[in-house]
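Open the model in your viewer and keep the selection tool ready. We will go stop by stop.

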Amino acid sequence: MGDQEEIRQDARATVPDGALVGVVGAGVMGIGVAQCFAEAGHPVVVTDNDPGALASGPARLRAGIRTAALLRRGDRRTAGGATGSRTESLVTWSASLADLADALLVVECVREDEDVKASVLRELDRVCRAEAIFASNTSCVPVARLGSFTGRPDRVIGTHFMNPAPLKEAVEVVRAPRTSALTLERTRAFLARVGKHALVVRDAPGFVTNRVLMLMVNEAAAVVGEGTADAETVDRIFQDCFGHPMGPLRTADLIGLDTVADSLEVLRRHTGEDRFRPCPQLARLVAEGSVGRKAGRGFHEYATPQHLVTRGGPGHD
Ligand SMILES: NC(=O)c1ccc[n+]([C@@H]2O[C@H](COP(=O)([O-])OP(=O)(O)OC[C@H]3O[C@@H](n4cnc5c(N)ncnc54)[C@H](O)[C@@H]3O)[C@@H](O)[C@H]2O)c1
């Protein structure tokens, strides 16, 4: 029997149906990821240290469920999926990481700041079961670095969900050198159960997605800042000339310009390359609070809330 077959036959190679899973961070991504898991019938505990995020979480989840149902035109995306109200009832909210003690898989979705992620991972390592997998939704921090904050680097993996998570079919899965084959297999099987396929890549700052996307967004922002074209024209060029469903600046607005700037800084720190420095136009928008769709304005103006986005945009962040 080969390694892979042995792993497949290992009972621990699955996160069982209905197992408790955890999400840390009730932001844009955390809520979407929690929705994916609950729709597949898993009870989910979502934690956040911001009482405001916890208070608004249920309403944002409800809105996400409604929007996804609308855009899927009533189709079920996962076998054994839950209905809207059942999905909502499977998600509970907590201010304490200790409530993740029984989770078999925890997805870290806190802001793109290595120090914040380090403190969350250290605490998770203390409170969670020894066999629990820690998956990070980081955009750019090398997964090996995140694993080093725990005593279980073999059970730390990157699961880079795109935004909006419930509507995307694939997850960029990042295997660090110390991530075990069993962890990879358990994660892949779990993602398949929630209706996502894993695109597995090796560990590097920004992986594949954001090493490429963040540079493109930063250059597009610089083009606007230098007056070569306005944001609408830049985006239309990508849509009408290249056939992209969404231009780089609308994509950046959807991600959140603060998250884009944080990601570029993480890339610059880990690569030492100045080409990842956020350009002045991007830095200016972040400094004035025009951070994209979640603020109602960024490179573009928005009348509709964050969750009313159409399916089929490029892989977002
Ligand atoms: N926004 C995107 O399109 C996108 C896509 C893919 C990956 N990501 C990545 O996902 C992660 C989350 O991004 P987001 O856009 O959801 O950010 P966000 O700012 O919307 O949400 C982050 C949440 O983390 C919470 N948080 C911060 N510190 C915490 C702590 N110590 N303990 C518990 N909660 C804490 C905040 O209160 C906030 O609610 C980041 O690493 C980001 O780079 C974002």
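This is a predicted model: local features need pLDDT of at least 70, side-chain atom pairs count only at pLDDT 80 or more; totals for chains, interfaces and linings use all residues.

Next, widen the view to the core. Val-106 belongs to the largest nonpolar core, which has 83 residues. Select Val-33, Ala-34, Val-44, Ala-103 and Leu-105 too: together with Val-106, they have the most contacts inside this core. Now colour helix H2, residues 28-39. H2 supplies the largest share of the core, 8 residues. Then colour domain 1 (3-202) and domain 2 (210-295). The core draws at least three residues from each of these domains.

Move on to helix H7, residues 181-193. Check its length. At 1.5 Å a residue, its 13 residues should span 18 Å, and its end C-alpha atoms are 18 Å apart, so the two agree. Select its buried residues: Thr-183, Leu-184, Arg-186, Thr-187, Phe-190 and Leu-191. They cover an arc of only 165° around the axis, which puts them on the same side of H7. Why does such spacing work? An α-helix has 3.6 residues a turn, so residues three or four places apart point the same way.

What do the buried residues of H7 pack against? Show strands E4 (105-108), E5 (133-136), E6 (156-160), E7 (170-175) and E8 (197-202). After H7, stop at Gly-195, where phi is positive, near 85°.

Finally, show the whole chain. It holds 12 helices and 8 strands. Buried residues make up 46% of its 317 residues. Among contacts between residues at least 6 apart in sequence, 73% join residues at least 24 apart.

Notes. Residues are numbered from 1 along each chain as its sequence is written. Helices (H or I, at least four residues) and strands (E, at least two) are DSSP runs, numbered from the N terminus. A residue is buried if 20 or more other C-beta atoms lie within 10 Å of its own, exposed if 12 or fewer, and partly exposed in between; C-beta atoms are placed from the backbone. Two residues are in contact if their C-beta atoms, placed from the backbone, lie within 7 Å. The expected span of a helix is 1.5 Å times one less than its number of residues. The arc is that of the directions from the helix axis to the C-beta atoms. A nonpolar core is a set of buried Ala, Val, Leu, Ile, Met, Phe, Trp, Tyr and Cys residues joined through C-beta atoms within 7 Å. Domain bounds come from an automatic or database domain assignment.
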